[in-house]
Amino acid sequence: MSKVYVFDHPLIQHKLTYIRDKNTGTKEFRELVDEVATLMAFEITRDMPLEEIEVETPVTTAKSKVLSGKKLAIVPILRAGIGMVDGVLNLIPAAKVGHIGLYRDPETLKPVEYYAKLPADVEERDFIIVDPMLATGGSAVEAINSLKKRGAKHIKFMCLIAAPEGVEAIQKEHDDVDIYIAALDEKLNDHGYIIPGLGDAGDRLFGTK
Ligand code: PRP
Ligand code: URA
């Protein structure tokens, strides 16, 4: 069963409140999403493997740890996932970035894939899929399908706000994928929007409504 981690760090919770606020404008919304993505990246990388090396300090030799060269890739689900990429890259600048384009059909709420481009060495990388919203879970499940179809073996899913329905969908279809969220909200409304949520993440990030 995939695990669900809710990042309850005070800085993440504080910033998420202003992300939710309908009076927060596009510029500030984008900056806050970027900052929260960096803070979440700090938490999600907690289990990165380390190895010990020897380093010369100005006074002696020390055994000390460095990351053991794990290959990472970040994959935003277009379009709103793009808003979280730079925040993650702030902490993991050497990560490769793939893209998966999906939109939800407004009638059926089913995801439709329109783009996919991943790093060539898919099988050797650990993937972090990023998207601000996990609502019905259709987009996340489809993005994970898309990565697995191309050979990805280790996948984490990171989002700002999840609905219980989305969490269940990932757990049902992909029980090897752990889920990292800043908040687990109450429910979905009839249009598939998360309640209380933050509205339409893409529109708020890019000012399209
Ligand atoms: C939003 C969001 C997720 C998806 C979540 O994207 O960014 O990708 O909805 O909903 P789901 O869990 O029910 O699939 P949207 O389809 O609105 O596309 P956009 O990013 O292009 O605006
Ligand atoms: N997509 C969004 O952007 N917001 C929601 O609340 C649900 C799906």
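Tutor: Happy to. Helices (H or I, at least four residues) and strands (E, at least two) are DSSP runs, numbered from the N terminus. This is a predicted model, in which local features need pLDDT of at least 70 and side-chain atom pairs count only at pLDDT 80 or more, while totals for chains, interfaces and linings use all residues. Residues are numbered from 1 along each chain as its sequence is written, chains are lettered from A and ligands numbered from 1 in the order in which they are written, and side-chain values use heavy atoms, with hydrogens and water left out.

Let's settle on R79, which sits in the loop between β4 and α3. Its backbone deserves a look: the peptide bond leading from L78 to R79 is cis, with omega near 0°. Another cis bond, also with omega near 0°, joins I195 to P196, and P196 belongs to the loop between β13 (194-195) and α6.

Now for the side chain of R79. It meets the side chain of D203 in a salt bridge, at 3.1 Å from N to O (a side-chain nitrogen of Lys or Arg within 4 Å of a carboxyl oxygen of Asp or Glu). This pair links distant parts of the chain, since D203 lies in helix α6 (residues 201-206) and R79 comes 124 residues away, in the loop between β4 (72-78) and α3. How covered are the two partners? With a relative accessibility of 12%, D203 counts as buried, whereas R79, at 35%, counts as partly exposed. Here buried means under 20% relative accessible area, exposed over 50% and partly exposed in between, with a 1.4 Å probe and protein chains only.

D203 also forms a salt bridge with K209, whose closest N and O atoms are 3.7 Å apart. K209 itself is exposed, with a relative accessible area of 85%. Elsewhere, salt bridges that share partners join K71, D121, E124 and R125 into one network. By the rule above, the count comes to 15 salt bridges.

Because K148 is in helix α4 (residues 138-149) and D176 in the loop between α5 (164-173) and β11 (178-184), the pair ties together parts that are 28 residues apart in sequence. Both ends are partly exposed: K148 has a relative accessible area of 29%, and D176 stands at 41%. Helix α4 also holds L147, which at 0% relative accessibility counts as buried. From L147 to K22, which is 125 residues away along the chain, the C-alpha atoms are separated by 34 Å.
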